[in-house]
Amino acid sequence: MPEYRRVLLDGAVVETVREGDELLTGDGRRVAIHEAHHLPPVVPSKVIAVHLNHRSRVAEFRVRLPAAPTYFHKPTSALTSHRGAVVRPEGCKWLNYEGEVAIVIGKTTRNIAPHQAAEHIAGYTIANDYGLHDFRDTDAGSMLRVKGSDTLCPLGPGLVTDWDFRGKYLRTYVNGRLAQDGSTDEMEWDMHYLVADIARTITLHPGDVLLSGTPANSRPVQPGDVVDVEVEGLGRLTNHIVTGPTPIRGDVGAQPTASEEVLSTALGGDWEFRGIRPPKRP
């Protein structure tokens, strides 16, 4: 399956094609993958993410799926790349990984049926839909700061075309330890459905990204942790967690919180106990 990567080479943004352990540029230059300075593989005008979609995640939270998918938006300023740093702002504690498959749009898409979606998809890449749950109490509706803060949308390492999304494993590792182990077969709504659903009212442009949901066991990570998301046929996306250089300003806006809503989401569910369970978790 062809794989395309964007890298920074000799001070310029360069499109490359993967050939084994090397990346080949259009003018014939070669760079070893382990030496390449990766960029996100596409430049989207928007990143749209589905809320719950994997059945294991639904079971973990002890809830029922809605009749149709619901979505939120991640600003493009949240993008970072393979091997890039993911920033947990100083003063925040509840930064969770969420390994996902990212759909990349290939041509302008509006008002199509699910069976037409494949011809509008350029390919797929890997995403880690990080959530900064410290802001969940104030942004639970929009998820803007929870999901859209800077660096919370790593994409990569490459764009893979001709990839069949059916029956593929999706795994997340933290410091080499398996943390999430899911499959695309546990998605309630598949890639084609998601594209057609969004395109009913929102025009999708080439390069736009749709995140398709995460399996169970999203948990908080700490500065110094290394997080890998591996998807069968798409490769492995690697990032490391760092502390932001400055704390969240205290003289303006809502502040990070650690309420029952924040804790039970970050630590994996028990939604029915929110507000009535004594705060026993660390």
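In which sense do β9 and strand β19 pair, and over how many bridges? In this predicted model, the two strands run parallel to each other and are joined over 5 bridges.

**View 1. Pairing of β9 with β19.** Strand β19 comprises residues 235–247, and its pairing with β9 is of the parallel kind. Within this pair, A85 is placed opposite H240 of β19. Strands of a sheet pair through backbone hydrogen bonds, in either a parallel or an antiparallel manner.

**View 2. The open sheet of 5 strands.** The strands follow the order β9-β19-β18-β15-β16, and their pairing is mixed. At the edges stand β9 (85–90) and β16 (177–183); each has a single partner strand, so one side of each is left without a neighbour in the sheet. From one strand to the next, the twist averages 20°.

**View 3. The largest nonpolar core.** This core holds 29 residues, of which L95, Y130, L155, V209, L211 and V221 touch the most other members. Two or more residues are contributed by each of β6 (47–50), β11 (99–105), β14 (153–160) and β17 (209–211). The greatest contribution, 3 residues, is that of β14.

**View 4. Surroundings of L95.** Leaving aside residues up to four places away in sequence, L95 touches V86, V87 and R88, together with Y130, G131, L132, D134 and L152.

**View 5. A separate core.** Another core, of 28 residues, lies apart from the largest one. Its members include I103, F165, V231 and L237. In soluble globular proteins, nonpolar side chains tend to be buried together.

Note on methods
Residues are numbered from 1 along each chain as its sequence is written. This is a predicted model: local features need pLDDT of at least 70, side-chain atom pairs count only at pLDDT 80 or more; totals for chains, interfaces and linings use all residues. Side-chain values use heavy atoms; hydrogens and water are left out. Two strands pair if DSSP finds at least two bridges between them. Helices (H or I, at least four residues) and strands (E, at least two) are DSSP runs, numbered from the N terminus. Axes are lines fitted to C-alpha atoms, for helices over the stretch in contact, and angles run from 0 to 180 degrees between N-to-C directions. A nonpolar core is a set of buried Ala, Val, Leu, Ile, Met, Phe, Trp, Tyr and Cys residues joined through side-chain atoms within 4.5 Å. Buried means under 20% relative accessible area, exposed over 50%, partly exposed in between (1.4 Å probe, protein chains only). Contact means heavy atoms within 4.5 Å.
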